Amino acid sequence: MIDGELAPARELLRSVFGYSSFRGAQEEIIRALLQGGDALVLMPTGGGKSLCYQVPSMLRPGVGLVVSPLIALMEDQVAALREHGVAAAFLNSSLSHEEQRQVLGSLRRQELDLLYLAPERLLREETGTLALLKEMEIALIAIDEAHCVSQWGHDFRPEYLGLDRLKDDFPDTPRVALTATADEATRKEIVARLKLDGAKRFISGFDRPNIRYTVRMKGGPGADLMAFLGQREGQAGIVYCLSRRKVEATAQKLAQAGFDAHPYHAGLSAAERRRCQTRFQRGDGVIVVATIAFGMGIDKPDVRFVAHCDLPKSVEAYYQETGRAGRDGEPAEAWMSYGLQDVVRLRRMVDESDADEEHKRIQRARLNALVAWCEITRCRRAALLAYFGEDREDACGNCDICLDPPETFDGTVAAQKFLSCAVRTGQRFGAAHLIDVLRGKDTDKVRRHGHRNLSTWDIGGDLSARQWQAVARQVVALGFARVDAERHGALALTPEARPLLRGEQAVQLREEVRAAKPRREPKPRPALREISAGDEPLWEALRQRRAALADAAKVPPYVIFHDSTLREFVRLRPASAAAMLEVHGVGQAKLERYGAEFLAVIAAFPAPGNSPPIAPSRLLPS
Ligand code: ADP
Ligand code: ZN
């Protein structure tokens, strides 16, 4: 399609942001907003949502308002924009009185292209912000993390509910709501609550092809966090644990092993948490060990792994949390180890929460879906995408199942033995005790309950305790039994178990149940475009220069240049300002600010003999 309308947007993309083309739906979204329409944007993390409102804010007359839930997120976005030479500012409680006065001054003088604010700052009458903005020309209103408006979601923010008034306050201003997580129900809720009925919808695919998904069974091969991290020294990552205590213990263990690891949980003071976030965001290769309280508001593109030491609460939460890895598009890992005990604990948390019954029912169903996903025997990515309503037939080749397919076998008899044992013991016991009975162990509990006399006593000596645990997990994951949290994790049968017990249905179980053969640990995939040994000195020198500049500017290193841009410097060795401007991620402002410094570094390292000459066609990003 030929249209001049988007020419200025493309020019801005190139000259300000240093990118050669729009990605995915960006162009269509920008077009809709430039034409004055509303939009609902669903794009996976790292998809490039910010440009969708930044570019039209700069092109339309007036200032673009960005409503964002977290202060840290705003500050970093604004810092990054300023590095690009964009007139951006934020208003929030972290600013001093004088700083606020300055921001309001430049707003009144119409000097700003973008203004970031928290919803409460915008809506609270006494701040006078809304009244002031109503007198100004507003380019557009962007509502970021729009799923915060959903009361069923895990990030609900009551202040977001007030944002519906913006439709009436700014009837002629285009509004755009953006989010990375929203199933169909949440989408509807966003549209209804933000009064976006007329909004054009832009739903992008959920796939994050550069993230490798791996799920390990606790106690089984490859389930050790330290072994996982041992191959990833110097990489930034997030390690999630369910409890504060475990967060503290894990962080300590990692620190002792020499990792730059720090704990983060709700028990720390606000100042401590903030310090931890900043260290993570600004640092190089920092690991944060956190309860799920950590993550939203983290906008760090070079997070190389997200490790779950415990099961998250739902597929949605898992997708959101793992989505924080690899926003820069480089290879990243989503690694999880889980066991049946996790399911018991999470069930208990749901049951004991003071949510209403309806809410609890939804939470339980979501947890079940995640457990089932953990135990699947086909491509994880395909199943994850299917959960979000995206069909994909082919196996991805970048998940644990594709890389090392588990074999399955007829586990009907094992499952029958296990389920009968649960029935014979009155469906009042957890997996550990059932396994003791099956394996004929003479424990106190067995004696106390007289379980030696059961017909299922000692009929399971053919499998090890660990293999029985795998059976237990899978009968739960497959929906034959459920964890009864009220009875301390007792396993109770579901109606689906009946045909299985009657022998009318067979069941396939994962091979690990039968023989715990040693599994190959897939090798970490090398970075897409690796630095060769000969290029290593230049690469290090570029990183050092970047670190020094970042330090001086008090911004994270990637705000100066992303790793991918430095890598292109190494590969292409630009020798002039014009050649540098061609490199992905170099715009006019950055060229002026840093070009000379990096050209000098590159000039100091002549190419090792085997580097190919720079052909102009190769200057485009691959
Ligand atoms: P999101 O908010 O959707 O998670 P961001 O807006 O932070 O994603 O963008 C993710 C990364 O992708 C950023 O580093 C951004 O600079 C980069 N990016 C966005 N759009 C483009 C593009 N058209 N070309 C190249 N890189 C882009
Ligand atoms: Zn796969």
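This note comments on the predicted model of one protein chain, point by point.

1. Basis of the model. The structure is predicted; local features need pLDDT of at least 70 and side-chain atom pairs count only at pLDDT 80 or more, while totals for chains, interfaces and linings use all residues. Residues are numbered from 1 along each chain as its sequence is written, chains are lettered from A and ligands numbered from 1 in the order in which they are written, and side-chain values use heavy atoms, with hydrogens and water left out.

2. Overall form. The protein chain contains 27 helices and 17 strands; helices (H or I, at least four residues) and strands (E, at least two) are DSSP runs, numbered from the N terminus. Its radius of gyration is 27 Å, close to the 25 Å that the globule rule gives for 622 residues, so the chain is as compact as a globular protein of that length. That radius is taken over C-alpha atoms, and the globule rule is 2.2 Å times the number of residues to the power 0.38. The C-alpha trace spans about 85 × 65 × 50 Å along its principal axes.

3. Burial, contacts and surface. Of the 622 residues, 55% count as buried (buried means under 20% relative accessible area, exposed over 50%, partly exposed in between, with a 1.4 Å probe and protein chains only). Among contacts between residues at least 6 apart in sequence, 73% join residues at least 24 apart; contact means heavy atoms within 4.5 Å. The accessible surface comes to about 26900 Å², and carbon and sulfur atoms account for 50% of it. Such areas come from the Shrake-Rupley method with a 1.4 Å probe; for residues, only the protein chains shown count as cover.

4. Charge. There are 86 positive and 83 negative side chains, and the centres of the two sets lie 4 Å apart. Lys and Arg count as positive and Asp and Glu as negative, whereas His and the chain ends are not counted. The place of a charge is taken as NZ of Lys, CZ of Arg, CG of Asp or CD of Glu.

5. Helix α2. This helix (residues 26–34) is mostly covered, with 7 of its 9 residues buried. The buried residues are Gln 26, Ile 29, Ile 30, Arg 31, Ala 32, Leu 33 and Leu 34. Just after α2, Gly 36 has a positive phi of about 95°.

6. Strand β9. Both faces of this strand (residues 237–240) are covered: Gly 237 and Val 239 are buried on one side, Ile 238 and Tyr 240 on the other. In a regular strand the side chains alternate between the two faces of the sheet. β9 runs parallel to β11 (residues 287–290), to which 4 bridges join it, and pairs with β12 (residues 305–308) in the parallel sense over 4 bridges; two strands pair if DSSP finds at least two bridges between them. Tyr 240 has Ala 290 as its bridge partner in β11 and His 308 as its bridge partner in β12.

7. Ala 261. This residue is in strand β10 (residues 261–264) and counts as buried at 8% relative accessibility. Leaving aside neighbours within four places in sequence, Ala 261 is in contact with Ala 251, Leu 254, Ala 255 and Ile 287.

8. Val 507. The loop between α22 (497–501) and β17 (508–510) holds Val 507, which is buried with a relative accessible area of 7%. Beyond its neighbours within four places in sequence, Val 507 contacts Phe 409, Asp 410, Gly 411, Thr 412, Ala 415, Leu 478, Phe 480 and Leu 500. Its C-alpha atom is separated by 8.7 Å from that of Val 413, 94 residues apart along the chain.

9. In α25 (residues 563–572), 9 of 10 residues are buried, and the buried residues pack against α23 (536–553), α26 (577–581) and α27 (588–603). Arg 573 follows α25 and lies in the loop between α25 and α26; its phi is positive, about 45°, although it is not a glycine. Gln 110, in the loop between α5 (97–108) and β4 (114–117), is also a residue other than glycine with a positive phi, near 60°. Arg 573 is buried, with a relative accessible area of 12%, whereas Gln 110 is exposed at 62%.
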